[in-house]
Amino acid sequence: MTTTYVIEGAEVTGLDAFWRAVGAAVNGPGGYFGANLDALADCLRGGYGTPDDGDFAFVWRDHARSRAALGHAETARTLERRLARAHPTQHPALRARLAEARAGRGPTDFDDLVAVFEREAPGALTLA
């Protein structure tokens, strides 16, 4: 039997809020389900709250609202935080992506999250 988790898009007001919303969807209020893209990928492979057999689905309600909240402005803020703690060899790529985000171009945090879902749990995410 497929287990379905619901991400409440109205609660996603930024990337930190997304981590709380997906954690609550999977593991209940205050639950944890990763707080970066690598952790999210690990969790989507099964375990950490999802069935080990991969028989699960996610419904992201009000995803358009989340898409706006996780747009270029939030992506720029996320990249600024990453740049501050990144290894110097990562700086050129992060600066280039940050410049794109500030200009309203390139992939957003929303795009990155959806890409992780599709890569690690193909077909498991429904945007509603």
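Is the crossing of helix 2 and helix 6 left-handed or right-handed? The crossing of these two helices is right-handed, as can be followed in the close-up views of this predicted model described below.

View 1. The axes of helix 2 (residues 37-44) and helix 6 come within 9 Å and cross at roughly 30°. Because angles under 35 degrees count as roughly parallel, helix 2 and helix 6 are described as roughly parallel to each other. The crossing of helix 2 and helix 6 is right-handed. On the side of helix 2 the contact is made by Leu 37, Leu 40, Ala 41 and Leu 44, and on the side of helix 6 by Asp 112, Leu 113, Val 116, Phe 117, Arg 119 and Glu 120. Sorted by residue class, the contact of helix 2 with helix 6 comprises 7 nonpolar residues, no polar residues and 3 charged residues.

**View 2. Packing of helix 1 against helix 6.** Helix 1 (residues 15-27) packs with helix 6 (residues 109-120) at an angle of about 30°, and their axes lie 11 Å apart. That angle makes helix 1 roughly parallel to helix 6, and the crossing of this pair is right-handed. From helix 1, the residues Leu 15, Phe 18 and Trp 19 meet Asp 109, Leu 113 and Phe 117 of helix 6. The residues of this contact of helix 1 with helix 6 divide into 5 nonpolar, no polar and 1 charged.

**View 3. Pairing of strand 2 with its partners, strand 1 and strand 3.** Strand 1 pairs with strand 2 in the parallel sense over 6 bridges, and Ile 7 has Trp 60 in strand 2 as its bridge partner. Strand 2 (residues 56-61) is joined to strand 3 by 3 bridges, and these two strands run parallel. Val 59 stands opposite Thr 126 in strand 3.

Conventions. Residues numbered from 1 in each chain as written. Predicted model: local features only at pLDDT ≥ 70, side-chain atom pairs only at ≥ 80, totals over all residues. Heavy atoms only, no water. Axes fitted to C-alpha atoms, helices over the stretch in contact; angles between N-to-C directions. Helix = DSSP H or I, 4+ residues; strand = E, 2+ residues; numbered from the N terminus. Parallel < 35°, antiparallel > 145°, perpendicular 65-115°, else oblique. Left-handed = near helix turned anticlockwise from the far one by under 90°. Contact = heavy atoms within 4.5 Å. Nonpolar A, V, L, I, M, F, W, Y, C, P; charged D, E, K, R; others polar. Pairing = 2+ DSSP bridges.
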